[in-house]
Amino acid sequence: MLNLPSTVLVNRVMPKKAFYEHLKTTTAIKEQFVQQIERIEMVASIKEASIHIPSDKDVAEIDILALYLKGSDVPREAIELIARSIANKLLFVCLSEESCKLLVRRDRLYETEWMSTDGTKLELEGSTLGEIWDSLTSQVVFGNPGTVDLSGRLERKRRAEALRLELTQVEKKRQSEKQIRKRNALFDRKRAIEAELSRLEGES
């Protein structure tokens, strides 16, 4: 799975109950574990002993967890709970039939689109585990392993997403607004948002 080196592979089943019975959670999140997740498996453990690449002060180990789903609904709240309960950096692989989706949690949860399981691969690039973690994040969020200005790229992505949401709201308000003055102000805001989005896309 994911074209990972054999030295990092673990393939160990993790009991679901360990997460929702022994951690503070809600009924809704417990239901995600029970109703949406068939099983959880630790696919790989990327650490100095398994890959002979040094850790750094922020990243000592990266674990890859596979969530075998009962359908195509992604249990995001359950994933958030798992991410908060394990100290290591985590990359999640949600599997449904012949498709998979990759997720990582940084300041929030990021995810890919659904992809063919057979064609999905990860590259372990970097001279430290911290660099590998950044590269894995970049592969999930941006589709490439590059780590140059990752923090800036993530911030621009967050800003662009917020602007697209605002643009949708502005266009909706403008369609229903009766007053010419307010419609013109909304049009000006629409143009300003589009200009900033264009700038952000040029910097990506």
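The charged end of R153 sits over the ring of F142, at 4.3 Å from the ring's centre. A charge counts as sitting over a ring when NZ of Lys or CZ of Arg is within 6 Å of the ring centre and within 35 degrees of the ring normal. A second case of this kind involves R39, which lies over the face of Y68 at 3.8 Å from the ring centre.

Before going further, a word on what you are looking at: this is a predicted model, in which local features need pLDDT of at least 70 and side-chain atom pairs count only at pLDDT 80 or more, while totals for chains, interfaces and linings use all residues. Residues are numbered from 1 along each chain as its sequence is written, and side-chain values use heavy atoms, with hydrogens and water left out.

## The whole protein

The protein has seven helices and seven strands. Here helices (H or I, at least four residues) and strands (E, at least two) are DSSP runs, numbered from the N terminus. The C-alpha trace spans about 65 × 40 × 30 Å along its principal axes.

Of the 204 residues in the protein, 41% are buried. Buried means under 20% relative accessible area, exposed means over 50%, and partly exposed is in between (1.4 Å probe, protein chains only). The accessible surface comes to about 11,500 Å², and carbon and sulfur atoms account for 47% of that surface. These areas come from the Shrake-Rupley method with a 1.4 Å probe; for residues, only the protein chains shown count as cover.

Contacts tell you how the chain folds back on itself. Contact means heavy atoms within 4.5 Å. Among contacts between residues at least 6 apart in sequence, 59% join residues at least 24 apart.

The protein also carries 34 positive and 33 negative charges, whose mean positions are 7 Å apart. In this count Lys and Arg are positive and Asp and Glu negative, while His and the chain ends are not counted. Each charge is placed at NZ of Lys, CZ of Arg, CG of Asp or CD of Glu.

## A cluster of rings

Which residues are linked into a cluster by ring pairs? They are F19, Y20 and F33. A pair of aromatic rings is described by the distance of the centres and the angle of the planes. Rings of Phe, Tyr and Trp (its six-membered ring) pair if their centres lie within 6.5 Å; planes under 30 degrees apart count as stacked, over 60 as edge-to-face and the rest as tilted.

Searching the whole structure turns up two aromatic pairs. In the stacked pair, F19 and F33 are 6.0 Å apart centre to centre, with 10° between the planes. F19 lies in helix 1 (residues 17-20) and F33 in helix 2 (residues 27-36), so this pair ties together parts that are 14 residues apart in sequence. F19 counts as buried because its relative accessibility is 6%, and F33 counts as buried at 0%. Y20 and F33 have ring centres 5.6 Å apart and planes at 50°, so their pair is tilted. Since Y20 lies in helix 1 and F33 in helix 2, this pair ties together parts that are 13 residues apart in sequence. Y20 is buried too, as is F33.

P75 lies in the loop between strand 3 (61-69) and helix 4 (76-85), while S96 is in strand 4 (residues 89-96).

| Residue | Relative accessibility | Contacts, leaving aside neighbours within four places in sequence |
|---|---|---|
| P75 | 0%, buried | Q32, Q36, I37, L67 and L69 |
| S96 | 13%, buried | G71, S72 and W114 |

The C-alpha atoms of P75 and C94 are 9.1 Å apart, although 19 residues separate them along the chain. For S96 and Y68, 28 residues apart in sequence, the C-alpha to C-alpha distance is 6.5 Å.

Most residues other than glycine have a negative phi. N3 is exposed, with a relative accessible area of 55%. H52, not a glycine either, has a positive phi of about 60°. You will find H52 in the loop between helix 3 (48-51) and strand 3, where H52 is exposed with a relative accessible area of 69%.
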